Amino acid sequence: MDEDGRLRRFVENLRSAGDQFAEAKRAYSDAKRAALADLPQDERGRAKLVCRRYAEKRAVALDDAGRPACFDPDHRDCQGCVEDVREGVVETW
C-alpha cells in the first residue's frame, strides 16, 4: 500500500475516533444532567419526559439550567414543564 493510502486511512480513523469521543462526551453530559434532575433516562442518557405542550413522550437532553432541549421560553406549557422538572414532579415514562 502506498503512503497516501496509509495517511488517508489514518486520518479517517482519527476522525472516527473524534466523532466517537464527542458522542460519548455528549451522552455523559446528558446522563449527568438527567440524573441530577432525578429523571428516568433512555439508553443515550436523555431525560424521558412527557411534553406538556404536545402531550407526547420525548427523550430530550437537559441544559445546565435543567431545561429540555425543546424548551420555548415564550410558551406557557414549556415554562410549566421546566418548573415541574425543577420540583421533581414532571410526568415521565
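User: Which strand do the buried residues of H2 pack against?

Analyst: The buried residues of H2 pack against strand E1 (47-51). Helices (H or I, at least four residues) and strands (E, at least two) are DSSP runs, numbered from the N terminus. Buried means under 20% relative accessible area, exposed over 50%, and partly exposed in between (1.4 Å probe, protein chains only). The model is predicted: local features need pLDDT of at least 70, side-chain atom pairs count only at pLDDT 80 or more, and totals for chains, interfaces and linings use all residues. Residues are numbered from 1 along each chain as its sequence is written, and side-chain values use heavy atoms, with hydrogens and water left out.

User: Which residues of H2 are buried?

Analyst: They are Cys 78, Gly 80, Cys 81, Val 82, Asp 84 and Val 85. Just after H2, Gly 88 has a positive phi of about 80°.

User: Which residues form the largest nonpolar core?

Analyst: A nonpolar core is a set of buried Ala, Val, Leu, Ile, Met, Phe, Trp, Tyr and Cys residues joined through side-chain atoms within 4.5 Å. Here the largest has 8 residues: Leu 39, Ala 47, Leu 49, Val 60, Leu 62, Cys 81, Val 85 and Val 90. E1 and H2 are the elements that give two or more residues to this core.

User: Why does Arg 33 count as partly exposed?

Analyst: Arg 33, in helix H1 (residues 3-36), counts as partly exposed because its relative accessibility is 25%. Contact means heavy atoms within 4.5 Å. Leaving aside neighbours within four places in sequence, Arg 33 is in contact with Leu 62, Asp 63 and Asp 64.
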